[in-house]
Amino acid sequence: MEITTMPQAMQLHAQILKCPAAAGPDLNLSKLFTFSALSPHGDLGYARLILDSLSAPSSYYFNTMIRAYSQSPDPDHTPRALSLFLSMLHDPARLTPGPDKFTYPFIFRCCARSRSTRLGKQVHGLAVKSGLASDRYVEHALIHTYYACGQSACACKVFDRMSQRDVVSWTCMIDGMVDDDSPVEAIRLFERMREEGVRVNDATVVSVLRACADTGALEMGKKVHEIAKEIEIDSKANVSTGLIDMYAKCGDLNSARQVFDDIAEKDAFAWTAMISGLASHGKCTEAIDLFLEMRKMGIKPDQRTMTAVLSACRYEGLGNEGLRFFKNMRRKYGVRPTIHHYGCIVDILARAGQLDEAEEFIRKMPIEPDAVMWRNLIWACNVHGDIERGERLMKHLQLVDMNADDCGSYVLIGNVYASAGKWCDKAKIRELMDKKGLRKPPGSSRIEIEGLIHEFAVGDSSHPEAEKIYEKLDEIEEKLIEERYCPKLSQVLLEIDDKDKAFQLRHHSEKLAVAFGLIKTNPGSEIRIVKNLRSCEDCHAVMKLLSKIYQREIIIRDRIRFHYFRQGECSCGDCW
């Protein structure tokens, strides 16, 4: 008899307890236990009661319970899984079975969730002692765990020492590299995988498409698309969604739309990817229209869909529409708002200069605001000239967030002080960061030329063609002067003289990337760049001028959105 609800499971459990013989072979306890532990309609607490009631449970019961805890979204279940694991290790009477090759992958998942390198290495040591560390499934779980804990070198050691590697082994590494912000290395590993004759699957394709999306590697993304077509997996739902996301993030919105339109039965993930892509490209009205079409088709939006819709409203300055969608989330769409959705509303209000409303909205939120929300409002105060409010909120942010290991709040407060010329206050913030060992992530820009990714940092001279790049920058500067360009020195938040500020601006990473693009691409062709941070005002102004001077379309994806520079104008309307 199939079990579909917990009340039904409990009734059957009662029958088994009252009369085990009469219950019949189909009503065994393991089936009830499995339903309670692993079904989305089950009850973990009830499953644990069943486990605790057994006098000599087999390893299946322990492994299933640990698996259920490891898959649960509740972080409190992680220590419960570890406690069960320890009981399997340290039962002196050996009434409890010891861990086996099925136990360790689930325990490693708990280690990955806790981001504890120390715990992961301890469990790894136990797996080695038990002779199970060379099991392929254990090795795959180890790779995932080490990447989740930020230990990429350890993950690579596990991979290199594997006696046999299958498609899952390679995919674990590629996926881990993407999560570890090493997408270029992930693409290289994918190419090596292909050279060694390993046949890819849909999970591999999705992982490498993420790498292409992160780097803006459009040509490589197209190559992966062709591979997916060759092995006839391009129509699988996860691959189609990955293709939409890749094309959109690489700046080829037409191809993203073509993939989307070709999907016979679109799920919520495909709709969300397309809506998000349109929004990031500034096609905000189209994004909202697509969401309304999705609703007409009877597709239920999820939290990510609503984030994409609210982002569209944010980019376009559609405050009233954004508030309306937000208010309808729970009542009309059945989606519970998260911190991301509240953050979108704060950003919409702050961008519009409605600082009173934004601050009141934060203070009345039913959930605790995060530091990012306060940062966005503080920066809006700086932009809109409300210095008094900004300084008051900075003091609040220092109280709630300055013990964190995230450097974001320190950088923001330091930049606000620098904008106001309060160099002593900025120096104090810098001292605090130094004491904590915090560093601002360096700005970098990537450009794909003939299938190869080239990455530039500020003032980078490590590129093999650095001399030619800097010669091109000299040419660019001369042409900018002819256009009466004046560097926006206020964008350099350092206490240095104007000459040094101009030097700093001139060597920002996206300027190096665009100079390289002008050298390496044909006249009149597009130049596509991906930047890891928000573009500064000076770089934005320069890109507008260069698009007119060189008659090129320059497409830059920064941390916030896409910018299409054409004939001296930008698609964002100078609002980003």
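1. Ground rules. Two strands pair if DSSP finds at least two bridges between them. Helices (H or I, at least four residues) and strands (E, at least two) are DSSP runs, numbered from the N terminus. This is a predicted model, in which local features need pLDDT of at least 70 and side-chain atom pairs count only at pLDDT 80 or more, while totals for chains, interfaces and linings use all residues. Residue numbers start from 1 along each chain as its sequence is written, and side-chain values use heavy atoms, with hydrogens and water left out.

2. As background, strands of a sheet pair through backbone hydrogen bonds, either parallel or antiparallel.

3. Strand 1 and its neighbours. Strand 1 runs antiparallel to strand 2, with 6 bridges joining them. Ser 444 faces Ala 457 of strand 2. Strand 1 also pairs with strand 3 (residues 527-531), again in the antiparallel sense, over 3 bridges. Here Ser 445 has Lys 531 as its bridge partner.

4. Burial of strand 1. Buried means under 20% relative accessible area, exposed over 50%, and partly exposed in between (1.4 Å probe, protein chains only). In strand 1 (residues 444-449), 6 of the 6 residues are buried, so the strand is largely enclosed by the rest of the structure. Ser 444, Arg 446 and Glu 448 point one way; Ser 445, Ile 447 and Ile 449 point the other way.

5. The hairpin turn. Strands 1 and 2 form a hairpin with 2 residues between them. Glu 450 lies in that loop. Its phi is positive, about 50°, although Glu 450 is not a glycine. Glu 450 is exposed, at 78% relative accessibility.

6. Strands 3, 4 and 5. Strand 3 and strand 4 pair in the parallel sense over 4 bridges. Arg 528 stands opposite Ile 555 in strand 4. On its other pairing, strand 4 (residues 554-557) runs antiparallel to strand 5 (residues 562-566), with 4 bridges. Ile 554 sits opposite Phe 565 in strand 5. From strand 4, Ile 554 and Ile 556 point one way, Ile 555 and Arg 557 the other, and all are buried.

7. Helix 12 against helix 14. Two packed helices are described by the angle between their axes and the distance between the axes. The axes of helix 12 (residues 183-195) and helix 14 (residues 218-230) come within 12 Å and cross at roughly 35°. Axes are lines fitted to C-alpha atoms, for helices over the stretch in contact, and angles run from 0 to 180 degrees between N-to-C directions. Contact means heavy atoms within 4.5 Å. Ile 187, Phe 190, Glu 191 and Arg 194 of helix 12 meet Met 220, Lys 223, Val 224 and Ile 227 of helix 14. By class, this contact has 5 nonpolar, no polar and 3 charged residues. Nonpolar covers Ala, Val, Leu, Ile, Met, Phe, Trp, Tyr, Cys and Pro; charged covers Asp, Glu, Lys and Arg; the others, Gly among them, are polar.

8. Glu 232 is in the loop between helix 14 and helix 15. Glu 232 has a positive phi, near 60°, and is a residue other than glycine. Glu 232 is exposed, with a relative accessible area of 68%. Ser 240, in helix 15 (residues 237-249), is buried at 4% relative accessibility. Leaving aside residues up to four places away in sequence, Ser 240 touches Asp 234, Ser 235, Val 259 and Ile 263.

9. Aromatic pairs. The whole structure holds 13 of them. Rings of Phe, Tyr and Trp (its six-membered ring) pair if their centres lie within 6.5 Å; planes under 30 degrees apart count as stacked, over 60 as edge-to-face and the rest as tilted. Phe 159 and Trp 170 are edge-to-face, 5.1 Å centre to centre, with 80° between the planes. Phe 159 is in helix 10 (residues 152-160) and Trp 170 in helix 11 (residues 167-179), 11 residues apart. Phe 159 is buried at 2% relative accessible area, and Trp 170 is buried at 1%.
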